[in-house]
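Please examine the sequence and the structure shown below before reading on. The explanation then leads through them step by step.

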Amino acid sequence: MPRVALIAHDDEKPVIVSLAREYESLLSTFDLVATGTTGERIADEIGLDVERKESGPIGGDTQIGAEVVEGDIDGIVFLRDPLTAQAHEPDITALLRLCDVHDVPMATTRASAEYLLDGLAAEVEEAA
């Protein structure tokens, strides 16, 4: 079962909730992890089972990065707000770098997230 991390900046939270709603049947077959508020919204509004880490600014991005290093994450959907400066930008940059180093796919837009999720679904079907 793929383990997928879901992260979204504040302005992108409605987008990730919409994405999760559209992909609910697929995501319900995945092992989901998310940063604090993103995970809370997905669990409360859609009912998906999500392991919640800390909020991004207080270490959640770093906690997910540690799972990338351990080989425990198969993909990340990180809907970032490209027009707003983030106080924890170094953590975000570190997570991006870790995904590059460990060859873990990360989607940062809704369109790329759909490709990532569809790709993971195809891998699961091939393995079955």
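Predicted model: local features only at pLDDT ≥ 70, side-chain atom pairs only at ≥ 80, totals over all residues.

Residues are numbered from 1 along each chain as its sequence is written, and side-chain values use heavy atoms, with hydrogens and water left out.

Rolling a probe the size of a water molecule over the atoms shows where empty space is left. A pocket is found on a 1 Å grid over the protein atoms alone, as an open set of points where a 1.4 Å probe fits, with protein on both sides within 12 Å along at least five of seven lines; its lining residues have an atom within 4 Å of a point. The volume is the space filled by probe spheres set on the points.

The largest pocket holds about 210 Å³ of space. Its lining consists of 18 residues, and those nearest its centre are Ala8, His9, Asp10, Lys13 and Pro57. Helices (H or I, at least four residues) and strands (E, at least two) are DSSP runs, numbered from the N terminus. By class, the lining has three nonpolar, ten polar and five charged residues; Asp, Glu, Lys and Arg count as charged, Ala, Val, Leu, Ile, Met, Phe, Trp, Tyr, Cys and Pro as nonpolar, and the others as polar.

The second largest pocket has a volume of about 150 Å³. It is lined by 13 residues, with Leu79, Arg80, Asp81, Pro82 and Thr108 closest to its centre.

Asp81 itself belongs to the loop between β4 (75-79) and α5 (89-101). This residue is buried yet has no salt bridge, and the nearest side chain of opposite charge, that of Arg80, is 9.3 Å away. Buried means under 20% relative accessible area, and exposed over 50% (1.4 Å probe, protein chains only); a salt bridge requires a side-chain nitrogen of Lys or Arg within 4 Å of a carboxyl oxygen of Asp or Glu. The side chain of Asp81 does reach the backbone nitrogen of Leu83, at 3.0 Å.

Two further loop residues may be set side by side. Leu48, in the loop between α3 and β3 (50-52), counts as buried because its relative accessibility is 7%. Asp103, in the loop between α5 and β5 (106-107), is exposed because its relative accessible area is 70%. Asp103 also has a positive phi of about 55°, although it is not a glycine.

Methods:
Lys, Arg positive; Asp, Glu negative; His and termini not counted. Polar contact = N/O pair within 3.5 Å; in protein donor to acceptor, adjacent residues only side chain to side chain.
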